[in-house]
Amino acid sequence: MSARVTQYLIGAVFAVLGGWALLFPGSVIELAIRPEFQSDDYLATFAMACFGAQACLFALVAFTARFTRLTFLAYGIVLLPFFAFNYYFYFVVPVLTEIGLLDFAGNTIMIALCWHGWRVAEE
């Protein structure tokens with residue numbers, strides 16, 4: 001698989017999960033957040049939609065830019081704190097449901113893609 005296809009797959013993860021949060025923020029809150037942490041406040045829905053919009057924006061970057069080995073490496077490194085976030089908010093302060101761990105799954109897919117992209121991308 002080429003570096004270009006690899007970056008498109010990274011973009012696809014962002015587009016799918018970000019699109020869900022942008023278009024259906026209430027659904028994300030209902031399914032991915034445990035009931036005791038859910039809020040019906042408009043601000044919670046707004047914040048979730050903003051989160052989705054930012055993810056969709058990065059998907060656009062991943063679909064249109066040309067990633068280099070350095071891009072894949074930097075992005076892989078920047079993903080690492082998100083694993084700590086997922087661990088903390090599932091095991092320590094259980095905010096996320098099992099469906100909320102789709103974020104963990106997406107991060108795992110993307111870090112594997114970053115590793116692959118780093119290996120196959122040209123200097």
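Analyst: Start with α2 and α3: their axes lie 8 Å apart and pack at an angle of about 100°. Axes are lines fitted to C-alpha atoms, for helices over the stretch in contact, with angles from 0 to 180 degrees between N-to-C directions. Helices are DSSP runs (H or I, at least four residues), numbered from the N terminus. The model is predicted: local features need pLDDT of at least 70, side-chain atom pairs count only at pLDDT 80 or more, and totals for chains, interfaces and linings use all residues. Residues are numbered from 1 along each chain as its sequence is written, and side-chain values use heavy atoms, without hydrogens and water.

User: How are α2 and α3 oriented to each other, then?

Analyst: Roughly perpendicular, therefore. That label covers 65 to 115 degrees; under 35 is roughly parallel, over 145 roughly antiparallel, and the rest oblique.

User: Which residues in α2 and α3 meet?

Analyst: Pro 25, Val 28 and Ile 29 in α2 meet Ala 44, Thr 45, Met 48 and Ala 49 in α3. Contact means heavy atoms within 4.5 Å. By class, there are 6 nonpolar, 1 polar and no charged residues. Ala, Val, Leu, Ile, Met, Phe, Trp, Tyr, Cys and Pro count as nonpolar, Asp, Glu, Lys and Arg as charged, and the others, Gly among them, as polar.

User: And at what angle do α1 and α5 cross?

Analyst: Roughly 165°, with the axes coming within 8 Å. That makes α1 roughly antiparallel to α5. Their contact has 13 nonpolar, 4 polar and no charged residues.

User: Switching topic. Where is Phe 83, and what is it in contact with?

Analyst: Phe 83 sits in helix α4. Leaving aside neighbours within four places in sequence, Phe 83 is in contact with Phe 104, Asn 107, Thr 108 and Ile 111.

User: How far is Phe 83 from Gln 54?

Analyst: 19 Å in space, C-alpha to C-alpha, and 29 residues in sequence.

User: Which residues lie nearest the centre of the largest pocket?

Analyst: Val 28, Met 48, Phe 51, Phe 85 and Asp 103, out of 34 lining residues. A pocket is an open set of points on a 1 Å grid over the protein atoms alone, where a 1.4 Å probe fits, with protein on both sides within 12 Å along at least five of seven lines; lining residues have an atom within 4 Å of a point.

User: What classes make up that lining?

Analyst: 26 nonpolar, 7 polar and 1 charged.

Methods
Helix = DSSP H or I, 4+ residues; strand = E, 2+ residues; numbered from the N terminus.
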